[in-house]
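Here is a short briefing for a first look. Keep the sequence and the 3D view open as you read.

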Amino acid sequence: MSVPATRLRVLTDAPPAPRGRYVLYWMVAARRTRWNFALDRAREWAEELGKPLLIFEPLGVGYPFACDRFHRFLLDGMADNQAACRAAGVAYYPYAEPEPGAGRGLLAALAESAAAVVTDDTPAFFYPALRRAAAPQVTVRFEAVDGNGLLPLGATDRAFPTAHSFRRFLQKALGEHLLLPAAEPLAAAPGRARLPAGVTRRWPHASAGLLAGDPLALAALPLDHSVPPGPLRGGAVAAQERLDAFVTERLDRYGEDRNHPDRDGTSGLSPYLHFGHGGAHQVFARVAAAEGWDESHLARSTAGSRTGWWGASAAAEAFWDQLVTWREVGFNGLAHGRRWDRYESLPPWARATLGAHAADPRPYTYSRAELEAAATHDPLWNAAQRQLVREGRLHNYLRMLWGKKVLEWSASPREALATLLYLNDRYALDGRDPNSLSGVLWCLGRYDRAWGPERPIFGKIRYLSSANTARKVRVREYLERYGPDG
């Protein structure tokens, strides 16, 4: 078995059905045909049972914050997956729901003819509830596979309170989990499955217009059309192009450039990781190949240091700390922490200091509508908010300032968190993601420590100001690019 047992979870503990017509991969989170442990597992079952593989990728319209921006990005990915499956001779069924609830019963109909069913296991967004609702509909072997990060979620049994504590655990445990999924799993996938009779009459394939990017086809769906598509194309092809460009053009200066908005030296991969069009293993392997790195480079020290443990260049180590430590501590928290997206999940010290200063006078207060419209007195904050609304992304460094100022300008810390989650989840292509959630809650003390001196409003929460940020990092061109007329 090429998929580690620590990545497998049985949802329906039943044997495979010998008379099943295919093995079904219900693709919901790892929306790609490469570097995908769940697809590896589905292919393994297909080979073992001598059945063809059917990849089913649905897209509903009733998910929270459903809008043109997210839908277009997801549909780009479905078009790429359709092309990849067609080239490999593998059956692919893309379904785009025309109205809320129209897809009800489709999974059960497909599972009824399946020998076994495999899906993605992620703690993010509404997917846990989706799996819970699906399990009673599947009477054959039903497995969920964790391909979220380099460290399997099952390798830990608790939520780590800080990035440092999680990094220490990683340095002790990651070496035994560095098995990668297949780069090209479809190359060995057995024959082409046939859909059950009548399924596509009731639930037609996603239209050619939707997959091709026809604006009229998208406009016909019941989505929030006030959040338009951004400039980034979604899909596995664009994800690979973005990864290649980052490694060849920006990786060597990542440590120096990533915090400067004018240089835009970040990887730009977070939307693709969020929607599953690229995977953490794929990104890690691409950087490792460029570095000439293998596991023998790992240091023996497990002290939790940010540098030196990987045995790679300073730039690669800085990037891997973001890709592995900071990204995966969010998945760890969401998998093992109760109500991890709620105010009550903040560390006790953070809630105590925010509570002690909740009634402090605010020099400025803004409504959610004013913040959404970037109508504050602060040009740098406004520029960051405009980038979020226009493009669906925030520069990584400015996201910290963006969140801190909302805390400062809101009537209460709870209101600040609600506003931040609303703005981030409505507009950001990487919103609704464990990593994105970590970034928002970090602004209120998550994964941080108490800082002095104690300040009004913030208490012991780490403080950031626009003036200090503008002195530390280069923002002149950024302010011009995302000005009112940019």
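Leaving aside residues up to four places away in sequence, L223 touches V61, A66, C67, D68, H71 and L218. This is a predicted model.

**Around L223**
- L223 sits in the loop between α8 (215–219) and α9 (236–249).
- Its relative accessibility is 11%. The cut-off for buried is under 20%, so L223 counts as buried.
- D262 lies 39 residues from L223 in sequence. In space, the two are 34 Å apart, C-alpha to C-alpha.

**Aromatic pairs**
- The structure holds 28 aromatic pairs.
- One of them joins W26 and F142. Their ring centres are 6.4 Å apart, and their planes meet at 40°, so this pair is tilted.
- W26 belongs to strand β2 (residues 22–26), and F142 to strand β6 (residues 141–145). The pair therefore ties together parts that are 116 residues apart in sequence.
- W26 and F142 are both buried.
- F160 and F169 form another aromatic pair, also tilted. The distance is 5.3 Å centre to centre, with 45° between the planes.
- F169 has 23% relative accessibility, so F169 counts as partly exposed.
- Ring pairs also build a cluster: F284, W293, W309, W310 and W320 are linked this way.

**Charges over rings**
- Which ring lies under the charged end of R432? That ring belongs to F70, and the charged end sits 3.9 Å from the ring centre.
- R446 has its charged end over the ring of W340, 3.9 Å from the centre of that ring.

**Helices α18 and α19**
- Helix α18 covers residues 413–427, and helix α19 covers residues 434–442.
- Their axes come within 10 Å and cross at roughly 145°.
- The crossing of α18 and α19 is right-handed.
- On the α18 side, the contact uses L417, L420, L421 and N424. On the α19 side, S436, L437, V440 and L441 meet them.
- What kinds of residues make up the contact of α18 with α19? Six are nonpolar, two are polar and none is charged.

Definitions and conventions:
Residues numbered from 1 in each chain as written. Predicted model: local features only at pLDDT ≥ 70, side-chain atom pairs only at ≥ 80, totals over all residues. Heavy atoms only, no water. Axes fitted to C-alpha atoms, helices over the stretch in contact; angles between N-to-C directions. Helix = DSSP H or I, 4+ residues; strand = E, 2+ residues; numbered from the N terminus. Left-handed = near helix turned anticlockwise from the far one by under 90°. Contact = heavy atoms within 4.5 Å. Nonpolar A, V, L, I, M, F, W, Y, C, P; charged D, E, K, R; others polar. Phe/Tyr/Trp six-rings, centres within 6.5 Å; stacked < 30°, edge-to-face > 60°. Buried < 20%, exposed > 50% of the residue type's maximum accessible area, 1.4 Å probe, protein only. Lys NZ or Arg CZ within 6 Å of the ring centre and 35° of its normal.
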